[in-house]
Amino acid sequence: MRRTFLITGVSGGLGRAFAQEALAAGNLVVGTVRDAQQVRTFEEMAPGRAVAKVLDVTNDDAVRAVVDDVERTVGPIHVLISNAGYGLEGTVEESGMEELRRQFDVNVFGSVAVIKAVLPHMRRRRRGHIVTVSSMAGLTALPGVAFYSGSKFAMEGIAASLAQEVAGFGIHVTSLALGSFRTDWAGRSMIRAPRSVPDYDMVFGPLRAARQAKDGRQAGDPMRAAKALLEVLDSDKPPVHLVLGSDALRLVEQGQRQLADDVAAWSELSISTDFPSEG
């Protein structure tokens, strides 16, 4: 069955890869772009089946208008891939509060706005699949990208809660915890907070240098990630959390072990905070 996809942020990177693979499978894809000049480029990918909409996901009214317009003029949205977002690199102390607000405005509030706009339509039809594009930094904290990591931790939690809320409506929710893929995320698309505290040179300097050196040579293939996503969308029991990328798998598993060790080591103290047994 041909499905209608709504994918935010298709001008490049993983969003473009998701759109290309969905189109190759014969689906209809509505992709959002930030610039009107990008409309023709996207629609030329598959005339008649690739539809571009200009959208700033931080504009709640515009988000609702675009979603309603797609439902009315294109067709029912079967799959939402909330992909629009960006990375902010910098230590907590050196990164500004306005940068934090902007990071959450796009990565969290923008994503939730799109989800909330699509949900009433999917709920009424009792079917649909919502995919949030997250990161390994949303399942295990990484130094030097704290604000980005925080935004993705937030989306992982929202997706997990949402999955439980809508399961009875036939709606699936999957959060993609992505590793390092060969896109512009760590290059031109990343915002880098200026350095201002020399004390962090020994910790953060090598991290920034390594990330810049790795840009363009990441192990992750965006098209393979897109193929993996289509496989998940065809599954009868799709996962709520899906880790993609060998580096993501390694770091997430390491982070989960560290969490389990902390919980186990302090379990007696955890239990001690209950009221004494009244039995």
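**The sheet and its helices**

Tutor: Seven strands make an open, parallel sheet, ordered β3-β2-β1-β4-β6-β7-β9. Strands here are DSSP E runs of at least two residues, helices are H or I runs of at least four, and both are numbered from the N terminus. Two strands pair if DSSP finds at least two bridges between them.

Student: Which strands stand at the edges?
Tutor: β3 (50-54) and β9 (241-244). Each has a single partner strand, so one side of each lacks a neighbour in the sheet.

Student: Where do these coordinates come from?
Tutor: This is a predicted model: local features need pLDDT of at least 70, side-chain atom pairs count only at pLDDT 80 or more, and totals for chains, interfaces and linings use all residues. Residues are numbered from 1 along each chain as its sequence is written, and side-chain values use heavy atoms, leaving out hydrogens and water.

Student: How many bridges join β6 to β7?
Tutor: Six, between residues 128-133 and residues 171-178. I130 has V173 of β7 as its bridge partner.

Student: New topic. Where is E156 found?
Tutor: In helix α5, residues 146-166.

Student: Is E156 buried or exposed?
Tutor: E156 is buried, meaning under 20% relative accessible area with a 1.4 Å probe, protein chains only. E156 has no salt bridge, which would need a side-chain nitrogen of Lys or Arg within 4 Å of a carboxyl oxygen of Asp or Glu. The nearest side chain of opposite charge, K152, is 8.3 Å away.

Student: What is E156 in contact with, beyond four places in sequence?
Tutor: Among them are S134, G138, S175 and H241. Contact means heavy atoms within 4.5 Å.

Technical notes. Buried means under 20% relative accessible area, exposed over 50%, partly exposed in between (1.4 Å probe, protein chains only). Lys and Arg count as positive and Asp and Glu as negative; His and the chain ends are not counted.
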